[in-house]
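Dear colleague,

I am handing over a structure that you have not worked with before.

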Amino acid sequence: MNGSTQYYIERFKTNVMNRLIENEAMTLSDQYELYKENIEKLEESADLKATYLENLNKAYDWMQLYIKGEEEMLLHG
């Protein structure tokens, strides 16, 4: 599950909920940048890192649509 789109979506959702409670958690874009840096630092093949980054991008895009309430685009995109 590590590195999957669902993994990143769950991490983003957790961060959003923490922000609602604590008011001190990092922003979604800051979290994205942190995960991106972590992927780049992995000692894995370039193909695997590319897959992780693609999944991260999908999850980030999905969360932005979800937060905006654009469910219709989620269902068909």
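At what angle do H2 and H3 pack, and how far apart are their axes? Before the answer, please note that this is a predicted model, in which local features need pLDDT of at least 70 and side-chain atom pairs count only at pLDDT 80 or more, while totals for chains, interfaces and linings use all residues. Residues are numbered from 1 along each chain as its sequence is written, and side-chain values use heavy atoms, with hydrogens and water left out.

The protein has 4 helices and 0 strands, where helices (H or I, at least four residues) and strands (E, at least two) are DSSP runs numbered from the N terminus.

To return to the question, H2 and H3 pack at about 170°, with their axes 10 Å apart; axes here are lines fitted to C-alpha atoms, for helices over the stretch in contact, and angles run from 0 to 180 degrees between N-to-C directions. The two helices H2 and H3 are therefore roughly antiparallel (an angle over 145 degrees). Among the residues that make this contact (heavy atoms within 4.5 Å) are Leu28, Tyr32 and Ile39 of H2, together with Tyr52, Leu56 and Met63 of H3. By type, the residues of the contact of H2 with H3 divide into 10 nonpolar, 3 polar and 3 charged, with Ala, Val, Leu, Ile, Met, Phe, Trp, Tyr, Cys and Pro counted as nonpolar, Asp, Glu, Lys and Arg as charged, and the others, Gly among them, as polar.

The axes of H1 and H2 come within 10 Å and cross at roughly 140°. On the H1 side, residues including Tyr8, Phe12 and Val16 meet residues of H2 that include Leu28, Tyr35 and Ile39.

The largest nonpolar core has 14 residues, and Tyr8, Phe12, Leu28, Leu56 and Met63 have the most contacts inside it; such a core is a set of buried Ala, Val, Leu, Ile, Met, Phe, Trp, Tyr and Cys residues joined through side-chain atoms within 4.5 Å. Helices H1 (5-22), H2 (28-41) and H3 (46-68) each supply at least two residues of this core.

Tyr8 lies in helix H1 and counts as buried (under 20% relative accessible area, with a 1.4 Å probe and protein chains only), because its relative accessibility is 5%. Although Tyr8 and Leu56 are 48 residues apart in sequence, they are 6.0 Å apart in space, C-alpha to C-alpha. Leaving aside neighbours within four places in sequence, Met63 is in contact with Ile9, Phe12, Lys13, Val16 and Leu28.

With best wishes

Definitions and conventions
Buried < 20%, exposed > 50% of the residue type's maximum accessible area, 1.4 Å probe, protein only. Parallel < 35°, antiparallel > 145°, perpendicular 65-115°, else oblique.
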